[in-house]
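Welcome! Open your viewer, get ready to select residues, and follow along stop by stop.

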Amino acid sequence: MLCNLAAVDRLSLLEKVLDGRGRWTQAVAAEAHQSTRHWPHLRQVTADGWLGDPIEIDDPAETALVDRIRRVVFAGSPSRPLQHLGEAETLVVIEHRREFTDSVWITDDGEAGHYARRKGIRVKDTVDIMREAVVDTLVLPAEGHRLLLAMGAADRHLRGVPQRPEDLSLRGRFVL
């Protein structure tokens, strides 16, 4: 999700949509940092600090749960300990920490999103965020649509991109 907006240099749009409510885990922050070599604009997320300090998972029981979920739920390989770590950390934080119980998980990982929805977690993806930006008049429908198409042109894989710009102003798949 972050890489999609970094690909079109519009991370500031996500910052406005989140309006101070965004957070990330250590693994997601590390993935974003690693991706700066491909998407340099990701550096501004850390520099601007609008996702806050990464949420730490340092309790041994939570750490064990994260690893079990990473391997069992998301099919992470034992030989690749970082594979699906961000998804597993996010799931554990939302499901097991009271202060994040009502959180919305923003992900473009289709399997992770599907699993989270089955667990009753609200999920949004890049297209949902763009719809919200349009509804909140942070971006015009034509510009939002152009940005989604530009993400696709930058080899970012999005699902559910509407065919017409005006379809972005519909509330779509989630409740705002």
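**Stop 1: a pair of rings**

A search of the whole structure finds one aromatic pair. Select F74 and Y115: these two rings sit edge-to-face, 6.0 Å centre to centre and with 70° between the planes. Here, rings of Phe, Tyr and Trp (its six-membered ring) pair if their centres lie within 6.5 Å; planes under 30 degrees apart count as stacked, over 60 as edge-to-face and the rest as tilted. F74 lies in the loop between helix 5 (60-72) and helix 6, while Y115 is in helix 7 (residues 110-118), so the pair ties together parts that are 41 residues apart in sequence. Both F74 and Y115 are buried; buried means under 20% relative accessible area, exposed over 50%, and partly exposed in between (1.4 Å probe, protein chains only).

A word on what you are viewing: this is a predicted model, in which local features need pLDDT of at least 70, side-chain atom pairs count only at pLDDT 80 or more, and totals for chains, interfaces and linings use all residues. Residues are numbered from 1 along each chain as its sequence is written, and side-chain values use heavy atoms, with hydrogens and water left out.

**Stop 2: the whole chain**

Zoom out and switch to a cartoon view. The chain has nine helices and two strands, and from the N terminus on its elements run α-α-α-α-α-α-β-α-β-α-α. Helices (H or I, at least four residues) and strands (E, at least two) are DSSP runs, numbered from the N terminus.

Now turn the model around: along its principal axes the C-alpha trace spans about 50 × 35 × 30 Å. With 176 residues, a compact globule would have a radius of gyration near 16 Å, and the chain agrees because its own value is 16 Å. That radius is taken over C-alpha atoms, and the globule rule is 2.2 Å times the number of residues to the power 0.38. Buried residues make up 44% of the 176 residues.

**Stop 3: helix 3**

Select residues 26-35, which form helix 3. Which of its residues are buried? They are A27, A29, A32 and S35.

Keep S35 selected. At 18% relative accessibility, S35 counts as buried. Leaving aside residues up to four places away in sequence, S35 touches C3 and L42, where a contact means heavy atoms within 4.5 Å.

**Stop 4**

Next, select D108, in the loop between strand 1 (104-106) and helix 7. Is D108 buried or exposed? At 15% relative accessibility, D108 counts as buried. Not counting residues up to four places away in sequence, D108 touches M1, N4, D125, T126, L158 and R159.

**Stop 5: two positive phi values**

Finish with two backbone angles. Select D9, in the loop between helix 1 and helix 2 (11-18). Phi of D9 is near 50°, a positive value in a residue other than glycine. At 41% relative accessibility, D9 counts as partly exposed.

Then go to D155, in the segment after helix 9 (141-153). Phi of D155 is near 65°, again a positive value in a residue other than glycine. D155 counts as exposed, at 59% relative accessibility.
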